[in-house]
Each structure stands twice: as C-alpha cells, then as structure tokens.
Amino acid sequence: MSNQILQAEANIECDKCKVKLTLGSVKLDYLGSSFPVELYKCSQCGLVYVPEALATGKMKQVEEALEDK
C-alpha cells in the first residue's frame with residue numbers, strides 16, 4: 001500500500017463516535033476460519049475500516065480459496 005493511502009487512512013474518523021480510527025488487531029472470521037490482521041478501528045464502538053484495496057484484493061483471494069475447498 002502506498003504511503004499516500006496509509007496517510008489518508010490514518011485520518012479516517014468514526015462516523016458514529018467522531019473519533020479518529022487507530023490501528024489495532026482485528027480478528028476476521030469467514031467460513032469457520034479466523035485471521036488476525038492489523039486494521040484501523042474505532043476505540044469506542046469497535047467499528048473496523050476495511051480499505052477497498054484489501055477487500056477487493058487479498059480478502060477476495062482468501063475468500064475464493066476457502067470457497068474452493
């Protein structure tokens with residue numbers, strides 16, 4: 001991911017709580033498998049921000065691999 005994208009993500013604010021999202025450990029679950037990842041999340045409500053590049057890239061690849069099993 002480029003520095004410009006990382007900088008933009010570092011300034012994302014939770015729409016509900018109006019606080020800046022911070023990087024933290026998040027557990028993603030899909031079809032019985034869990035994956036620990038570092039993503040931006042709200043420290044108050046726990047909202048997690050998934051960047052489009054991650055959702056349409058690596059996450060889509062993992063999803064397709066799990067569905068093929």
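Residues are numbered from 1 along each chain as its sequence is written, and side-chain values use heavy atoms, with hydrogens and water left out. Since the model is predicted, local features need a pLDDT of at least 70 and side-chain atom pairs count only at pLDDT 80 or more, whereas totals for chains, interfaces and linings use all residues.

The protein has three helices and three strands, and from the N terminus on these elements run α-β-β-β-α-α. Here helices (H or I, at least four residues) and strands (E, at least two) are DSSP runs, numbered from the N terminus. The predictor's confidence in each residue is given as pLDDT, on a scale from 0 to 100; its mean over the protein is 83, and 86% of the residues reach 70 or more. Among the elements, α1 has the lowest mean pLDDT, 58, while strand β3 (residues 48-49) has the highest, 92.

The three strands form an open sheet in the order β1-β2-β3, with antiparallel pairing. Because β1 and β3 stand at the edges, each with a single partner strand, one side of each is left without a neighbour in the sheet. In general, strands of a sheet pair through backbone hydrogen bonds, either parallel or antiparallel; two strands are said to pair here if DSSP finds at least two bridges between them. Between β1 (22-30) and β2 (residues 33-41) there are nine bridges, among them those that join leucine 23 to tyrosine 40, glycine 24 to leucine 39, and aspartate 29 to serine 34. The hairpin of β1 and β2 has two residues between the strands, and leucine 31 in this hairpin takes a positive phi near 50 degrees. The hairpin of β2 and β3 has six residues between its strands, with glycine 46 in the turn at a positive phi of about 85 degrees.

Buried residues make up 17% of the 69 residues in the protein.

The last stop is the largest pocket, with a volume of about 200 Å³. On a 1 Å grid over the protein atoms alone, a pocket is an open set of points with protein on both sides within 12 Å along at least five of seven lines, whereas a cavity is a set where a 1.4 Å probe fits but cannot get out; lining residues have an atom within 4 Å of a point. Grid points are joined across faces, edges and corners, and a volume is the space filled by probe spheres set on the points. β1, β2 and α3 (58-68) each supply at least two residues of the lining, and α3 gives the most, with five residues. The lining includes Tyr30, Phe35 and Met59.

Terms used:
Buried < 20%, exposed > 50% of the residue type's maximum accessible area, 1.4 Å probe, protein only.
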